[in-house]
Amino acid sequence: MTNIHDRLLIIDFGSQVTQLIARRLRELNVYCEIHPYQNVTDAFLAEFAPKAVILSGGPASVIDEGSPRPPSTVFDLNVPILGICYGQQVMMEVLGGKVESGHGTAEFGRAFVTPEAEKLALLDGWFEDDKEQVWMSHGDHVSKIAPGFEVYGTSPNAPFAITADTSRNFFAVQFHPEVHHTPNGAKLYENFVKMAGFKGDWTMGAYREEAIAKIREQVGDAKVICGLSGGVDSSVAAVLIHEAIGDQLTCVFVNNGLLRKGEAEEVITMFRDNYNMPFIYADERELFLGELDGQSDPETKRKIIGKLFIDVFQKHAAEVGGAKFLAQGTLYPDVIESVSFSGGPSVTIKSHHNVGGLPEKMGLKLVEPLRELFKDEVRELGRELGLPTGFIGRHPFPGPGLAIRCPGEITRPKLEILREADAIYIDQIRKHGLYDEIWQAFVAILPVKTVGVMGDGRTYDFACALRAVTSVDGMTADYYPFSHEFLGETATRIINEVPGINRVTYDITSKPPGTIEWE
């Protein structure tokens, strides 16, 4: 498919937040693509013809032998280049500077950068209070900048926090402007793409049109089955694909016994009432729960669920007859937490049941039209496609469902307790008018029992944890600051109304260091 947009290339060195760079650029309506460094060859650069380049962060050390490098020809393209964290260090190393490790100069978390030298166009709108909060995550540090570069900002442990060679439009920063903990980071990206001359013509409307064309090109006249979970992601994927190929698509909604209370009925009603597309309801509760019974290892749970989904879809693909593609609502955060984009070098955090391709025996190819989008972009695309507003705003729900909200051994009684507690929690959030302020909220039932007293009698029941976070894209998150009155009222309701729980806690862990889900 011919691309009509100016293109920005992000060279990925494996940072867990590389996708956020793309997210910030899309907010500016700039078309960008992420490619792992090992795929960026001279031939690739000639064909891609980027209008600007960003070098991402990464977990490696430029000091190590064989550490990742961009091709040297990147620096001969005569386009603006921005190096971030590892990207800065590799830029300095390649262009004649020096990087060192240790000596008490590591920085992790919030830091403050102060300006040096004269004003830099990259930093328009910065330093109005003579300092900027940024997010650092580095062990190595630049000890000598490359020839032609000057220092424009420093932090306590990064004397070369911001450097630039303005004659070549090369810029390098030690911090991560893409994360929300760098509050003015978006402005830095805005300045960078403005200097590079981007028109800002990439919109969700454009994405919709291009995605439809791409689906039609990939699928042709073949049949597609879509794994419909009932969540926002798979639903938007289904409606988008249906718009592209019509009745060539059949949706398969699998009830795996790991759904929230009343969810199966809600999904069936919405799709059968609102969308005229082939729809199969697969009640596979016994299959999934039978295989998961007694399982406690989180990776084992995910692998069992992933395998069973494949088995179920394979069965229904045979029923549909002639299906050649399986559609999924895979998103960027799913991909980056399983393995970096397109096979780059980032560290795996956890596997995702819908990431990583399909077994050869299934004989189906994947259609993943949302693979490059974040959750808020999917919601924006859903609005473009006319999905109901209340549905688009639903909190995310993981593919493995309640299995990963039940740490430790899975049993059917524990799942029923979890469903009831979760329903009360969400009801409380809605009653207090907080649902739309929260990115995601759920209950996790803990693999421990605690002693309690109810009606002058001793109880020995499960403890549960409430989780609620605020986020923009799911890559970073903070806990929601409920009032103590809300927490007390909710805990009382759960303990009084849900047999099997006698203790309620609230999880106040941010992401990082935690993940949003418990497993």
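This tour moves through a predicted model, from the whole chain to selected residues.

**The whole chain**

Begin with the complete chain in a cartoon view. The chain contains 14 helices and 20 strands. Its radius of gyration is 25 Å, close to the 24 Å that the globule rule gives for 519 residues, so the chain is as compact as a globular protein of that length. Along the principal axes, the C-alpha trace spans about 70 × 65 × 40 Å.

Next, display the surface. The accessible surface of the chain comes to about 21100 Å², and carbon and sulfur atoms account for 49% of this area. Of the 519 residues, 58% are buried. Among contacts with a separation of 6 or more, 76% are between residues 24 or more positions apart.

**The nonpolar cores**

Hide the surface and select Phe271, Leu370, Leu381, Tyr425, Ile429 and Phe482. In the largest nonpolar core, which has 95 residues, these six touch the most other members. Now select residues 232-245, which form helix α6; this helix gives the most to the core, with 9 residues. A second, separate core has 36 residues, including Val30, Ile162, Phe175 and Leu188.

Return to leucine 381. Which residues does leucine 381 contact, leaving aside its neighbours within four places in sequence? They are Met204, Tyr207, Arg208, Val236, Leu240, Leu370 and Leu373.

**Helix α5**

Select residues 204-219, which form helix α5. This helix has 16 residues and reaches 22 Å from its first C-alpha to its last, close to the 22 Å expected at 1.5 Å a residue. Colour its buried residues: Met204, Gly205, Ala206, Tyr207, Arg208, Glu210, Ala211, Ile212, Ile215 and Val219. An α-helix has 3.6 residues a turn, so residues three or four places apart point the same way.

Against which elements do the buried residues of α5 pack? They pack against strands β12 (223-228), β15 (323-327) and β16 (365-367), and against helices α6 and α11 (375-385). Just after α5, select glycine 220, where phi is positive at about 65 degrees.

Is threonine 250 buried or exposed? Threonine 250 is buried, because its relative accessible area is 9%, and the limit for a buried residue is under 20%. Not counting residues up to four places away in sequence, threonine 250 touches Val224, Ile225, Cys226, Pro278, Ile280 and Val320.

Now select cysteine 251, which is also a buried residue, with a relative accessible area of 0%. The closest cysteine sulfur to that of cysteine 251 lies in cysteine 226, at 4.6 Å.

A disulfide is a covalent bond between the sulfur atoms of two cysteines. How many disulfides does the structure hold? The structure holds 0 disulfides. Why does cysteine 251 not form one with cysteine 226? Their sulfur atoms are 4.6 Å apart, which is too far for a bond, because a disulfide requires sulfur atoms within 2.5 Å.

Select cysteine 406 and cysteine 464 for another case. The sulfur of cysteine 406 has its closest cysteine sulfur in cysteine 464, 12 Å away, and this is too far for a bond. Cysteine 406 counts as buried, at 0% relative accessibility.

**Backbone exceptions**

The last stops concern the backbone. Most residues other than glycine have a negative phi, and most peptide bonds are trans.

Select cysteine 85, in the loop between β4 (81-84) and α3 (86-95). Cysteine 85 is not a glycine, yet its phi is positive, near 55 degrees. This cysteine is buried, with a relative accessible area of 4%.

Then select phenylalanine 127, in the loop between β6 (107-115) and β7 (132-138). Phenylalanine 127 likewise has a positive phi, of about 60 degrees, although it is not a glycine. With a relative accessible area of 10%, phenylalanine 127 is buried.

Finish with lysine 511, proline 512 and proline 513. Where do the two prolines lie? Proline 512 is in the segment after β20 (501-506), and proline 513 is in the segment after β20. The peptide bond from lysine 511 to proline 512 is cis, with omega near -15 degrees. The bond joining proline 512 and proline 513 is a cis peptide bond, with omega about 15 degrees.

Definitions and conventions:
Residues are numbered from 1 along each chain as its sequence is written. This is a predicted model: local features need pLDDT of at least 70, side-chain atom pairs count only at pLDDT 80 or more; totals for chains, interfaces and linings use all residues. Side-chain values use heavy atoms; hydrogens and water are left out. Helices (H or I, at least four residues) and strands (E, at least two) are DSSP runs, numbered from the N terminus. Buried means under 20% relative accessible area, exposed over 50%, partly exposed in between (1.4 Å probe, protein chains only). A nonpolar core is a set of buried Ala, Val, Leu, Ile, Met, Phe, Trp, Tyr and Cys residues joined through side-chain atoms within 4.5 Å. Contact means heavy atoms within 4.5 Å. The expected span of a helix is 1.5 Å times one less than its number of residues. The radius of gyration is taken over C-alpha atoms; the globule rule is 2.2 Å times the number of residues to the power 0.38. Accessible areas come from the Shrake-Rupley method with a 1.4 Å probe; for residues, only the protein chains shown count as cover.
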